[in-house]
Amino acid sequence: MGTLKNTTINDVGALELPRGTTAQRPNPPLSGMIRFNTTIDETEYYDGVAWRPVSDSSPEATGGTIVDTDIGGVPYRIHLFTNTGNSTFTVTKGGTVEYLIVAGGGGGGDTSGGGGGAGGLIIGTTTITPQAYTITVGAGGVGSNAYSSGTSGQGGTQGGNSVAFGLTALGGGGGGSYGNPGTRINGGSGGGVRGDAQNRGYSQRPGLGQQPGSASGGFGNNGGNTPGLSNGDPSSGGGG
C-alpha cells in the first residue's frame, strides 16, 4: 500500500477510490476502509464488523422473533417480543426505529362481572445506539374468583406493564365483580362494570383509561358502562 505525502488534490477534479468486486474485498479488512464495490455499484466501508454501503442507514440488532417483510414496498425487519417478562434487544448498529408497545390486558370480573380493559398502547419512533436494551412484556391480569356461598372475588387484576426504550405501557384494568361493584379498576384502558345492578348505583363506575395521560403518552379508553341501574342489566366490556 502506498503512502501519500505532501499531496495536493485539485478541488475541481476527483478523488478516485479503489475499485473492485465483492470477491476482491481486502482480506483481512480494517475498520475505516472505504472502496467502490463494482458488484453492487455502491461505495462501501468496513465498520469493524461488516462491509456496509455508505447509503445504508438502517439499524441492526438481535433479539426477539425476527420477521423480514415489505410494507408498502419498503423492506422492514421486525423484532417481535411476546414472551412475558424481560428480554434483551441488542443493537449492533444504531439508527431510527419504529416501536409498538402493548401492555397486558386486565382480568375479567366474576358473577355478572365486567370485562378486563386492554393494555395501554404506545407507538412512535426513536433513535437507538449500539447497546443492550431491556424489553419487558406485561402478562395478562388474572380473572376474579367465582361467586361461592355468598362470597365473591374483588374483581379482575390489572394486567402487567410493558416497558421499552424508557416508555411504559400500563396494564389494562380488571373487570368489576359482585364483590366490588362500586370500585373503579383503572389501567391502560379501564375495566368494565358488572351488570345485574339490583337498583344500586355502583354499576355506573367504569374503570378509567390512564394511558393517554401517562408520562409515556399513548392510547387507551375508559371501560364500558351499563345502560341503566335496573336489576338484570348486562355487564360491560373493558376499554379497547
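Of the 240 residues of the protein chain, 31% count as buried, where buried means under 20% relative accessible area, exposed over 50% and partly exposed in between, taken with a 1.4 Å probe on protein chains only. What you see above is a predicted model, in which local features need pLDDT of at least 70 and side-chain atom pairs count only at pLDDT 80 or more, while totals for chains, interfaces and linings use all residues. Residues are numbered from 1 along each chain as its sequence is written, and side-chain values use heavy atoms, with hydrogens and water left out.

**The fold**

Welcome to a chain of strands: the protein chain has 13 of them and zero helices. Both kinds of element are DSSP runs numbered from the N terminus, helices being H or I with at least four residues and strands E with at least two. Among contacts (heavy atoms within 4.5 Å) between residues at least 6 apart in sequence, 55% join residues at least 24 apart.

**The core**

A nonpolar core is a set of buried Ala, Val, Leu, Ile, Met, Phe, Trp, Tyr and Cys residues joined through side-chain atoms within 4.5 Å. The largest one here has 16 residues, and Phe89, Val91, Ile101, Ile122 and Ile128 have the most contacts inside it. Two or more residues of this core come from each of strand E8 (85-93), E9, strand E10 (121-128), E11 and strand E13 (167-169).

**The largest pocket**

A pocket is found on a 1 Å grid over the protein atoms alone, as an open set of points with protein on both sides within 12 Å along at least five of seven lines; its lining residues have an atom within 4 Å of a point. The largest pocket is lined by 30 residues, with Arg77, Ile78, His79, Val97 and Glu98 nearest its centre. Elements that give two or more residues to this lining include strand E6 (65-71), strand E7 (74-80) and strand E9 (95-102). The volume of the largest pocket is about 1,100 Å³, a volume being the space filled by probe spheres set on the grid points, which are joined across faces, edges and corners.

**Salt bridges**

The structure holds five salt bridges, each a side-chain nitrogen of Lys or Arg within 4 Å of a carboxyl oxygen of Asp or Glu.

| Glutamate 44 | Arginine 25 | 2.8 Å |

Glutamate 44 lies in strand E3 (residues 42-46), and arginine 25 in the loop between strand E1 (19-20) and strand E2 (34-37), 19 residues apart. Glutamate 44 is buried at 1% relative accessibility, whereas arginine 25 is partly exposed at 26%. A network of salt bridges links Arg25, Arg35 and Glu44. Arginine 52 is buried, with a relative accessible area of 4%; aspartate 47 is partly exposed at 30%, and glutamate 60 is partly exposed at 32%.

**A residue beside the bridge**

Isoleucine 34 is found in strand E2 and counts as partly exposed at 40% relative accessibility. Not counting residues up to four places away in sequence, isoleucine 34 touches Leu17, Pro18, Thr43, Glu44 and Tyr45. From isoleucine 34 to valine 54 is 9.0 Å in space, C-alpha to C-alpha, with the two 20 residues apart in sequence.

Terms used:
1 Å grid on protein atoms, 1.4 Å probe; cavity = no way out; pocket = protein on both sides within 12 Å on 5 of 7 lines; lining within 4 Å.
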